[in-house]
Amino acid sequence: MFGAGAAHAAGTLAGTDITNIATASYETGGTTVDIDSNPVVIKVDELLDVTAVSSDPGDVITSNGAQNVVSTFRITNTGNGPESFRITPNVTNGGDDFNPALVSVVIDTNGNGVYDPGVDTVYVAGTNDPNLTPDQSLTVFVLTNIPATQSNGNRAQVSLTTAATTGTGAPGTTFASAGQGGGNAVVGTTGADADASGFVLVNAASVALVKSATVLDPFGGTTSVPGSIITYTLVATVSGNGTLNNLSINDPIPASAQYVASSITLAGAAQTDAVDADQANFNGTRVNVALGNVAAGQSRTVTFKVRIQ
Amino acid sequence: MNNFLKLCFSMILLAASSVPAMAAAPVELSSDIFVEKQEKRPDGSFSTVLAKPNLILPGDQLVFVVRYRNASNKPAANFSVTNPIPAAITFSGTSDGAEIVSIDGGKSWGKLSQLRVNNADGTSRNALMTDVTHLKWQMKQTLAAGDAGKLIFRGVVK
């Protein structure tokens, strides 16, 4: 007699029958009589509503030529019936600095909120439009490639539109008998479609080199006099996105100073002056340190000593 | 079978066949549902109209109308009408306020203002319209032959 429960934020499930029967009781001729009214049945129609939001906490930081840059979105069926949704990505938005190339839209099949290549399913419009029950959410990834020639600091808008496949339109638009359970489908306040945008920001890896010096004079003080030892500290910090490959530091010794033999350290580890298996050498005029591949967010610290002549 | 038994059986059959005749409801009861819709007036303001329930969505205000009529030529004493609130409906009031309600599926009854709901933590609170599961109108007087009336209550689609 009664339909499914109404535990949804979106309200009573579409297709639920609301049945009303009144009962009367009275006495006549000493007998109690119970009668039922006619049952009157109305069906709850389907409200078509959907929301979409970007799940990225901020700009997705990327670099020139990056492949499969992931923009993450979350769509939610806020209607009262199971509904499938068409997803349309857009990477050619105006008002931004460049247009990345669309690779694919991917559905977070395993529901972990993270793009898993080969695990999550590539979305094909009209083929695997996701079917969401009322209040159900789904994470969707839009993968893009970044052109190789973008300048640092350029931003691109990546957006998607999701639309109820039953139909969209102005709120109140009705699709007769198209609702779940045989009722009508009615466009809700969202228009049964929703847009969301995220941004990708080109911020290539770059290195900052900070050099500092401490002085120890022959008398235990810090004055710069002949015989004082200067310890130079070089900190190379890579920022941005990606990795700087084969990063190296070269630092010439000042003419007024003499290199202190075997004084190079890398990350606190002593290095020899010869060109050999370790990463540093002194070639008579300059200190060379091969730092190798350094990822963004990392830093390398080199120290060496000279004596003031 | 002797004649006495035959007589008894025919009396039983007579009594049995008379039951449907009694239940053929000399008192008629009918139920109807309408939906309140906002209609825009030419001046841009809105008026509330009662419409046939062709389109029902969560949040819609429904109006339930129960009509009764004593179609017989005999009075009906102790006339009462009971209406369970459909599960998908939140009760939101009656037109006459003369009803008693149940918040426990029809087991106990009272005016809404007198009923209390027990919370899980042992405390209790006043019952709300959202707690109501059944409505009942107990007519104090006898429904005379030909008497008719209607009872109206409202509810919101959950």
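Reader: Which residue in β13(A) is the bridge partner of A:Thr76?

Author: The partner of A:Thr76 there is A:Ser137. This is a predicted model, where local features need pLDDT of at least 70 and side-chain atom pairs pLDDT 80 or more, while totals for chains, interfaces and linings use all residues. Residues are numbered from 1 along each chain as written, chains are lettered from A and ligands numbered from 1 in written order, and side-chain values use heavy atoms, without hydrogens and water.

Reader: OK, and what stands opposite A:Ser71 in β13(A)?

Author: A:Val142 does.

Reader: How many bridges hold β8(A) and β13(A) together, and in which sense do they pair?

Author: Eight bridges, in the antiparallel sense. β13 of chain A covers residues 137-145, and β8 covers residues 69-77. Two strands count as paired if DSSP finds at least two bridges between them.

Reader: What about β6(A), how is that joined to β8(A)?

Author: Strand β6, residues 50-54 of chain A, runs antiparallel to β8(A) and is joined to it by five bridges. For A:Val53, the bridge partner in β8(A) is A:Arg74.

Reader: So which strands make up the open sheet, and in what order?

Author: The order is β6-β8-β13-β10-β11 in chain A, five strands with antiparallel pairing. At the edges are β6 and β11 (121-122) of chain A, each of which pairs on one side only.

Reader: Back to β8(A). Is that strand mostly covered or mostly open?

Author: Mostly covered: of the nine residues in β8 of chain A, seven are buried. Buried means under 20% relative accessible area, with a 1.4 Å probe and protein chains only.

Reader: And how much of chain A is buried overall?

Author: 42% of the 309 residues in chain A count as buried.

Reader: Different topic. How many helices and strands does chain A have?

Author: Zero helices and 26 strands. Both are DSSP runs numbered from the N terminus: at least four residues of H or I for a helix, at least two of E for a strand.

Reader: Why is chain A called more spread out than a compact globule?

Author: Because its radius of gyration is 34 Å, well over the 19 Å that the globule rule gives for 309 residues. That radius is taken over C-alpha atoms, and the rule is 2.2 Å times the number of residues to the power 0.38.

Reader: What box do the C-alpha atoms of chain A fill?

Author: A box of roughly 130 × 45 × 35 Å, taken along the principal axes.

Terms used
Buried < 20%, exposed > 50% of the residue type's maximum accessible area, 1.4 Å probe, protein only.
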